[in-house]
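Have the structure open as you read, and take each section in turn.

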Amino acid sequence: MISGVRSWLALLALAAAPSFGQGWNLDALMAEMAAVPASRTRFVETRHLAMLTQPLELRGSLSYERPHRLVKHVETPFDELLTVDGEALSLVNKTKGEKRSLSLREQPALGALVESVRATLAGDRAQLERHYRVQFSGRRDAWRLHLVPRTTAVRAHVESITVSGAAARPQRIEVLESTGDRSVMTIVHDGK
Amino acid sequence: MTGSKRPRLAVALWLLLLALAGWQLAHTRVVADLGAFLPPSATPAQQLLLDQMRSGVASRILLIAVSGADDERLAEASRALAAKLRSSELFASVQNGGDEGLRADREAFMNYRYVLSPAAGGERFSAPALRAALEAALAELATQSAGALRAMLPRDPTGELRRIFERLPAASPAKRGGVWFTGDGRRALLVAETVAGGFDALAQEQAIGAVHQAVDPKLKVEVSGPGVFAAASRTQIERDAWLLSLASGALVLLLLLRIYRRPRIVALCFVPVVSGVLVGTAAVSLAFGNVHAITLGFGATLIGEAVDYPSYACLNAGPGESLGRALERIWPTLRLAVLTTVLGGLTMLLSSFAGLAQLGLLSMSGVLVAGVVTGYVLPGLAGERPVTERPFAAPVALERATLRARSFSPLVWILAFIALVLLVRNAGKLWEDDLAAMSPVPEPLKAADRELRRELGAPDVRHLILVQGPSREAALEGAEALEAKLDQLVARKVIAGYDLATRYVPSLAEQQRRLDALPEPATLRTNLEQALAGLPFQRGVFEPFLREVEQSRARGPLGEGDLRGTVLGIKLQTLVVPAGTGWAVLVPLYGVADAQALGAEVPVLDLKAESERLLAGYRLEALRLTALGMGAIVLLLAFGLRNARAVVQVVLPVALALLISAAILQALGQRLTVFHLIAMLLVMGIGLNYSLFFDRPEADLLLRRRLLFALYVTCATTLLAFVTLAFSSNPVLHAIGLTVSVGAAAAFLTSAALARR
C-alpha cells in the first residue's frame, strides 16, 4: 500500500517538475525566471561595428526588479544610465550632461528591444512572443533562446537576438543588427 | 395719390417686377465667405492680418481629435484617417505625428543639410574641425542612443542633420503608438491643412464631412479650426434664420388672423414683405454678382418690419370701408415712415464691409418695394370689398393706460439721463474690442479649439514683428538680420522665444554663402584623410560624405518648391506671406515679459492693440455713417412735415429710446458689435414709425382709437418676430433679436409718453 502511494507520488513529481527530466522547455525556463524577484549583475559588452577597425568595450551593471523595472548602467568608458520602468524610458548621460526621457509607446521598435531582456527576466512568455518568434533549445544548465522580431519595423533595426544561460541566469546576450553590426553582452552573476 | 387711380397698371407692373426678380434669383449664386463680415482694413499691416485670417495657411488648418477606444485602436484609426485624407484632393497635407507625414521633410533636410545647417558656413570642413567632429562621434558611437548616429555618420560626420533638427520648434504633443495624443491618452490628434481657404464655408463643410466619413462611426471625432467655425456658423445661421423666421412668421400669422378674422386680408398683409424680400435679394444679386448666405438670413428679418405697413392701413379702415380708402388717409404718414427706414439702410449700404453693404442694399430696396407695393398694388389687389364690418379697437384699459403714459414723460427724461450717465461712465466697456468676437462663432466651439490648440502646443500669438520687402528674398534677408538681436532679447529675458522663418530656411544669399564655403572635392578628401589619421575607422567609410558634399554643391540652394508637401513648407507659408505688392516675414514672439523694452528695440506689432485699432476705426466709420443716415432722415422729415418743431417731436422719442436701449443692453452684459449696430438701425426705423404715427393729427377720436390699435398690433408683431430671434443660440442672431426687442419696446413707450396728442 505504502509503496503504491510512493510510486504515485513519484509519478506526480515527474509530471509536475519536468525540469528534472528530458522535457525541460521554454515554459519551465519562464517559470524559473518568474520566481526571481530581483537580480543585480555586472556585464561586459563588446560592440563590433562595421565601420570601426576595432571593437568598443563597455562595462557596467544590469539590475532587474519585478515586474517591470530594468536598469542598465554603463560605467566605462562613459557614464550612462538607462532606466526602463513600465512604459517610461529615461537615458541619463553624466559624461555629456544629457538627459532624455520618452515612452516606449512612442517607439515600438525600442520597446521590442527592451522586452528581449525584460520579458526574459520576468519569465513573461506571452510578452516575449508578442514581439518575437521564439526558438528554445538546450537543457536547464545550458539553454538558448533565439529571438527573431515579428514586425518589419523592428527587423529594420535588429535581425535576431540570442540569449543563453543556465537555470534562472542569462549569461550571454548577442544582438545581430540589420546593419551587420553585432554586440555581445557577457553577464557575470555575483557569487557564481 | 395711391394706386387706387390706376390699379390694373400697378398690379401689372408689380407682376412684371416679380417676374424679373424671379429670373434674376434663378441665376443667383449664394456665397458663404464669412470674410465679407470682417471689417475692412486701413493699414497694410491690418490688411495682412485680415488676409491671413481669411485665407492664410493658419485659417486652413483643421485640428482633429479621435476618441472612444483604447490607445492602440486610436493610433490605428489615426493612421488610417491620415492615409485616407492624404489621398483626398481636399487636403494639402495631413500630420498625425507619425513618420509617414515627416518622410518628405527628412528627405529635404537630408538633401539640403549643407545649406540649412547654420554651422555649414566657414571652417567646418578644415582638417582640424573634421578631426574634432570625428573624435566626438567616436566617443558617442557606443552609447545607447547612437543608433541614428551610426546610420548617419558615414554620410554626415559633422552632424549637420542633427543640428537642423535641434533648431526646429520643439513643442509637440505626447505620442502613443507613434502618433500624437492628448496628454491623458484619450484622444489621438491630427492636424490637416485644407486646400480651400478657411472662410470658404462650403468648401470647409465638404472637407469636414470627409474627415467624419473617413473615421469608423463607432469612434468619436472632433474637428476644430477656422474652417469649422465658418461652416458651423453658416449652417447654424441659415438654419436659425429660416427656422426662427418660420416660427415668428407663424406667430404673426396667428395674431393677424385673430385680429382680421379674414384670411384674404391676412394674405394681403404678407404680399408687400414677400415682394420686398424677392426684389431686394434680386437687387443685391444684380449689384454684387452674388448673395451672401448671411445676408439672406438677416435680410428677411430686417424687412420683417415691412409686414407692418399693410397693417397700418388695414387697421385704419372703419366698418365697411375698403383698403384703398383707408390707405389714402394714412398714406402721407406711412410714406414718410417707409422713406425714413429706407434712409436708415443707407448707413449700411455705404459701409466698407462687403457683407454690410449687401445687407444695406437688401433692406433699402426691400423696404422700398414693400412700401410701394403697400401703397400702389395692395388697393388694386384688395378691390372695393370692405376690410372689416366691425370697428377695430383695443381693450379700453390698454387705451387708457397709453393715454396716461403722457404724464410719465418726465420719467422718460430721467431714464434717458440715467442711461446717458451709465453709458458715459462705462464708455470703455461699451464696444467689443476683440476681433475674434466679431466672428459669429458659438462659444463652445471656440473653447474646444483653444483646448485642442493647447494640446498641440500651438500657442496664441499676440506680439509679432513684421519684416516687409519688395521681394520674397528681400523680406527674408531683412528677417535674417534680426536673428542676433532676437537672440540677445531672449538672453536678456525680454522675450521667451521667437519663430523666425530664416532659422529654418535661410535666404538664398545666405544659402549661397554656405555653399561657397564648401571645399572642392580634392581639398575635402585631403582634409578628411588628415583628420582620420590614427582613428580606428575603416578605410572608405566616409566615401558617402565626400560624395554628398559634392552633390550638395551641384544641387544649389533650397527653393520654395523643394519643400512641397513638407510640414516645414506649411510652416514657412504661415511665416512668409505675400503682402500687397511685396512680401512679408511674420516673426511671432512668445512669452513677452517686457513689452516696453521690446518695443524700444524692435518694431513690434501688438495684434491685440492692432485689432482694437481696426475695430475702433471701423466704429468711427459706422458712427459717421449713422450720423449721415440720421441727418438724411431729419432732412426728409423736415421736408415731409414742413415744421422744425414737428421734426424734433418725431426724432426725440427715438433718440431717447436708442439711448435707453443701449444702456439696457450694456446692463445685460452685451458688448456692442457691428451686429448690434445693424439692429439699432432697425430700431431707429421701427421707432420712427411709432413716433410718426403717435404724433399723427387725427380728425376725431374714432380715428385716433383705430390708429392706437394699429400701433399695438404692429408693436406686437415686431416683438413676436424679434423675441423669437433672441432665442437663437447663434450669438449674432441673438444680438439682433435682443437689441430689436428691447429697442422696439423702448421706442413704443417713449413715443407714447412724448406724443403731443
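## Strands that pair

Two strands pair if DSSP finds at least two bridges between them. Keep that in mind as you look at this model, which is predicted. In chain A, strand S3 (residues 69-76) and strand S4 (residues 80-85) are joined by six bridges and run in the antiparallel sense.

Now step back to chain A as a whole, which has five helices and eleven strands. An open sheet of eleven strands, with antiparallel pairing, can be followed in the order S6-S5-S4-S3-S2-S1-S11-S10-S9-S8-S7. At its edges are strand S6 (98-103) and strand S7 (132-139) of chain A, each of which pairs on one side only. Going from one strand to the next, the twist averages 15°.

How much of chain A is buried? Of its 192 residues, 22% count as buried. If you take the contacts in chain A with a separation of 6 or more, 38% of them come from residues 24 or more positions apart.

## Where the chains touch

Chain A gives 20 residues to its contact with chain B, and chain B gives 17 residues. On the side of chain B that touches chain A, the elements giving two or more residues are helix H7 (147-152) and strand S4 (174-176) of chain B. Sorted by class, this side of chain B has seven nonpolar, seven polar and three charged residues.

## Cores in the model

The largest nonpolar core has 130 residues, and those with the most contacts inside it are B:Cys314, B:Ile678 and B:Val683.

Leaving aside residues up to four places away in sequence, B:Ile678 touches B:Met348, B:Leu359 and B:Ile736. Apart from this core lies another, of 48 residues, with B:Ala133, B:Ile465, B:Leu563 and B:Trp583 among them.

## A residue on a helix

Finally, find B:Glu166 in helix H8 (residues 160-167) of chain B. Is B:Glu166 buried or exposed? B:Glu166 has 10 C-beta neighbours inside 10 Å, so it counts as exposed. From C-alpha to C-alpha, B:Glu166 and B:Ser117 are 10.0 Å apart in space, while in sequence they are 49 residues apart.

Note on methods:
Residues are numbered from 1 along each chain as its sequence is written. Chains are lettered from A and ligands numbered from 1 in the order in which they are written. This is a predicted model: local features need pLDDT of at least 70, side-chain atom pairs count only at pLDDT 80 or more; totals for chains, interfaces and linings use all residues. Two residues are in contact if their C-beta atoms, placed from the backbone, lie within 7 Å. Helices (H or I, at least four residues) and strands (E, at least two) are DSSP runs, numbered from the N terminus. Ala, Val, Leu, Ile, Met, Phe, Trp, Tyr, Cys and Pro count as nonpolar, Asp, Glu, Lys and Arg as charged, and the others, Gly among them, as polar. A residue is buried if 20 or more other C-beta atoms lie within 10 Å of its own, exposed if 12 or fewer, and partly exposed in between; C-beta atoms are placed from the backbone. A nonpolar core is a set of buried Ala, Val, Leu, Ile, Met, Phe, Trp, Tyr and Cys residues joined through C-beta atoms within 7 Å. Axes are lines fitted to C-alpha atoms, for helices over the stretch in contact, and angles run from 0 to 180 degrees between N-to-C directions.
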